[in-house]
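The sequence and structure come first.

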Amino acid sequence: DLNKTFTETFKVLPLVISITLNRPEIYVDEFETIFGSVTDISGRKVTTGKVNVTISNESGYITSYLVDVDSESGLYFTTNRYDIEGTLYANATYILGDKIIANSTTKSFVVSKIATITNVTVVNSTVGKVTIDVSVRENATPTATSSGYTNPITEGKLNVTVNGESKLFD
C-alpha cells in the first residue's frame, strides 16, 4: 500500500528569551545596546535562529532590528542611536525559520533631551525695534575650571513668545 500515514508524538520544550538594556536612560542621539540570550527551560543555550528586537512608544513610534543569535554564545545584541524623546519600550522575539517561538518581557528606557541653560539679554528695548541675544549651552557638570555651561547648542529651533503670541525661529 503506497498511502501509509505515520504519526509521532514529541514534546517541544519552551524557550526563554531574556532582554537587557545597557543603560536605563540616554540622551537624544546617543546609543543604546540591547542584548540577551535564548535558552531552553533547562538553561541550555540556543545557538540558531534570529531575534527581532522591537522598539516602540505610546505615540505609535515603532521600529525593529532583526539580529542573529550567536552560534557559539547563544547571545544576541543590537546597538542603535535613538533620536526620539520619551520612554521607549523594547521587546525581543525569538524566531526560528518563519515561526515565532518565544517573546521576552518588555523593558523600558528613557531618551531625554540634552539639559541646557538659556541666557537672554535685551540689547534694545525700543518699541518696534526690540533686539535680544539668546545663548543656549549644554548644562554640564561644573568643574574647578568650568562653570559647567559648555558646548553652545548651534542647531534647533527657538520659540519666542511676545504678548501671548508665539513664533518659531530656525
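## Backbone, charge pairs and rings

Asn163 sits in the loop between strand E14 (158–162) and strand E15 (165–169). The model is predicted, and in it Asn163 has a positive phi of about 50° although it is not a glycine. Most residues other than glycine have a negative phi. The relative accessible area of Asn163 is 79%, so this residue is exposed.

Asp29 is another non-glycine residue with a positive phi, here about 75°. Its loop runs between strand E3 (25–27) and strand E4 (31–40). Asp29 has a relative accessibility of 43% and therefore counts as partly exposed.

### Salt bridges

Side chains of opposite charge can pair when their charged atoms come close. In this model, the count of salt bridges is five. The table lists some of them.

| Salt bridge | N to O distance |
|---|---|
| Arg23 and Glu30 | 2.8 Å |
| Asp68 and Lys50 | 2.3 Å |
| Lys99 and Asp98 | 3.4 Å |

What is the surface exposure of Arg23, given its relative accessibility? Arg23 is partly exposed, because its relative accessibility is 30%. Its partner in the salt bridge, Glu30, is also assigned to the partly exposed class, at 26% relative accessibility.

The side chains of Asp68 and Lys50 form a salt bridge at 2.3 Å, N to O. Asp68 belongs to strand E6 (residues 62–68) and Lys50 to strand E5 (residues 50–56), so this bridge ties together parts that are 18 residues apart in sequence. Lys50 has 35% relative accessibility and therefore counts as partly exposed.

### Aromatic pair

A pair of aromatic rings is described by the distance of the centres and the angle of the planes. The model has one aromatic pair. The ring centres of Tyr82 and Phe109 are 5.3 Å apart and the planes stand at 65°, so the pair is edge-to-face; the cut-off for that class is over 60 degrees.

Where in the chain do Tyr82 and Phe109 lie? Tyr82 is in the loop between strand E7 (75–81) and strand E8 (86–96), while Phe109 is in strand E10 (residues 107–112). The pair links distant parts of the chain, 27 residues apart. Both Tyr82 and Phe109 are buried.

Terms used:
Residues numbered from 1 in each chain as written. Predicted model: local features only at pLDDT ≥ 70, side-chain atom pairs only at ≥ 80, totals over all residues. Heavy atoms only, no water. Phe/Tyr/Trp six-rings, centres within 6.5 Å; stacked < 30°, edge-to-face > 60°. Helix = DSSP H or I, 4+ residues; strand = E, 2+ residues; numbered from the N terminus. Buried < 20%, exposed > 50% of the residue type's maximum accessible area, 1.4 Å probe, protein only. Salt bridge = Lys/Arg side-chain N within 4 Å of Asp/Glu carboxyl O.
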